[in-house]
Amino acid sequence: MRGDRVPVATPLPTELLRLTECEDGPVLVRGARVVVDAQGVTHPVTRPVVALCRCGASQRLPWCDGVHKRLGKRETSTG
């Protein structure tokens, strides 16, 4: 029966996914098909490389819009 089909998630080829943390900037993601944000919303990825916001100030979350450059360098806690 067609109406009884259960959705199945297709696993991403994680061996092709690469993350690069930029100092005081975004995380560059290569090889992703989708990004799921903190609220559980799925965002399709249409580019080979996308930049994800790590400062939380972007107006285009989850994507980086470059606002971190105006925020200045982050302080690191040494205890």
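Modeller: Leaving out residues up to four places away in sequence, Asp-37 touches His-43 and Pro-62, where contact means heavy atoms within 4.5 Å. This is a predicted model, in which local features need pLDDT of at least 70, side-chain atom pairs count only at pLDDT 80 or more, and totals for chains, interfaces and linings use all residues. Residues are numbered from 1 along each chain as its sequence is written, and side-chain values use heavy atoms, with hydrogens and water left out.

Biologist: Where is Asp-37 found?
Modeller: Asp-37 sits in the loop between β3 (34–36) and β4 (42–44). Strands are DSSP runs of E with at least two residues, helices are runs of H or I with at least four, and both are numbered from the N terminus.

Biologist: Is Asp-37 buried or exposed, and what is the nearest side chain of opposite charge?
Modeller: Asp-37 is buried and has no salt bridge; the nearest side chain of opposite charge is Arg-60, 13 Å away. Buried means under 20% relative accessible area, exposed over 50%, and partly exposed in between (1.4 Å probe, protein chains only). A salt bridge is a side-chain nitrogen of Lys or Arg within 4 Å of a carboxyl oxygen of Asp or Glu. For charge, Lys and Arg count as positive and Asp and Glu as negative, while His and the chain ends are not counted.

Biologist: Which side chain makes a polar contact with that of Asp-37?
Modeller: That of His-43, at 2.9 Å.

Biologist: Now Asp-65: where does it lie?
Modeller: Asp-65 is in the loop between β5 and α1 (68–71). Asp-65 counts as partly exposed because its relative accessibility is 33%.

Biologist: Which backbone nitrogen does the Asp-65 side chain reach at 3.0 Å?
Modeller: That of Val-67. The backbone nitrogen of Gln-59 also lies 2.8 Å from a polar atom of the Asp-65 side chain.

Biologist: How does strand β2 run relative to β5?
Modeller: Strand β2 (residues 27–30) and β5 run antiparallel, joined by 4 bridges. Val-29 stands opposite Val-50 in β5.

Biologist: And how many helices and strands are there in the protein?
Modeller: The protein has 1 helix and 5 strands, in the order β-β-β-β-β-α from the N terminus on.

How values were computed: Pairing = 2+ DSSP bridges. Polar contact = N/O pair within 3.5 Å; in protein donor to acceptor, adjacent residues only side chain to side chain.
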